[in-house]
Amino acid sequence: MSFEDQETLQAFIEESVEHLADIETDLLAIEKDGQVINEERVNKAFRAIHSIKGGAGFVGLDTLQRLAHDAENVLGLVRSRKLVPSPEVVNALLLASD
C-alpha cells in the first residue's frame, strides 16, 4: 500500500470513528422516541452512515460499504415511517455500527 493510500485509509478511519460515536447516541435516542419519528435525528444518523458508505467505497472496503448501505436502507424505512425503530431494529443498527 502506498503512502498516499495509507494516508487516505487513516483519514477514513478517523472520520468514521467520529461518525460512529454520534451514530450510537442518535440510534439510542431514535429507539427512545419509538413511533414518534424525529426526522432530524434520523437524517443525522443517515448522513453519518452515508458518509461512511462513501468513504468505504473510496478506499475499497466493499464489505463495509455494503453493510453501511444496508443500514442506510433500514434508516430510510424508519424515516419514511415504514419501519418502527423497535429495540430489535435499533439493536441491529447498533451491531452494524460496532
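User: What makes this an α-α-α-α chain?

Analyst: Happy to walk through it! The chain has four helices and zero strands, and reading along the sequence gives the pattern α-α-α-α. Helices here are DSSP runs of H or I with at least four residues, strands are runs of E with at least two, and both are numbered from the N terminus. Please keep in mind that this is a predicted model, where local features need pLDDT of at least 70, side-chain atom pairs count only at pLDDT 80 or more, and totals for chains, interfaces and linings use all residues. Residues are numbered from 1 along each chain as its sequence is written, and side-chain values use heavy atoms, with hydrogens and water left out.

User: Why is Lys 53 called buried?

Analyst: Buried means under 20% relative accessible area, exposed means over 50%, and partly exposed is in between (1.4 Å probe, protein chains only). Lys 53 has 15%, so this residue is buried. Lys 53 lies in helix α2 and touches Gln 65, Ala 68, His 69 and Glu 72, not counting residues up to four places away in sequence; a contact means heavy atoms within 4.5 Å. Across the chain, buried residues make up 30% of the 98 residues.

User: And why is Ile 13 called partly exposed?

Analyst: Ile 13 has a relative accessible area of 37%, so it is partly exposed. This residue is found in helix α1, and its C-alpha atom is separated by 12 Å from that of Ser 51, 38 residues apart along the chain.

User: What makes a set of residues a nonpolar core?

Analyst: The set must consist of buried Ala, Val, Leu, Ile, Met, Phe, Trp, Tyr and Cys residues joined through side-chain atoms within 4.5 Å. The largest such core has 20 residues, and Ile 23, Leu 27, Ile 30, Val 42, Ile 49, Leu 75 and Leu 93 have the most contacts inside it. The elements giving two or more residues are α1 (3-33), α2 (39-59), α3 (62-79) and α4 (87-97). The largest share, seven residues, comes from α2. Val 42 touches Ile 30, Ile 37, Leu 75, Val 78 and Arg 79, leaving aside residues up to four places away in sequence.

User: What makes the phi of Arg 81 worth a look?

Analyst: Most residues other than glycine have a negative phi. Phi of Arg 81 is near 65 degrees, a positive value in a residue other than glycine. Arg 81 lies in the loop between α3 and α4, and with a relative accessible area of 49% it is partly exposed.
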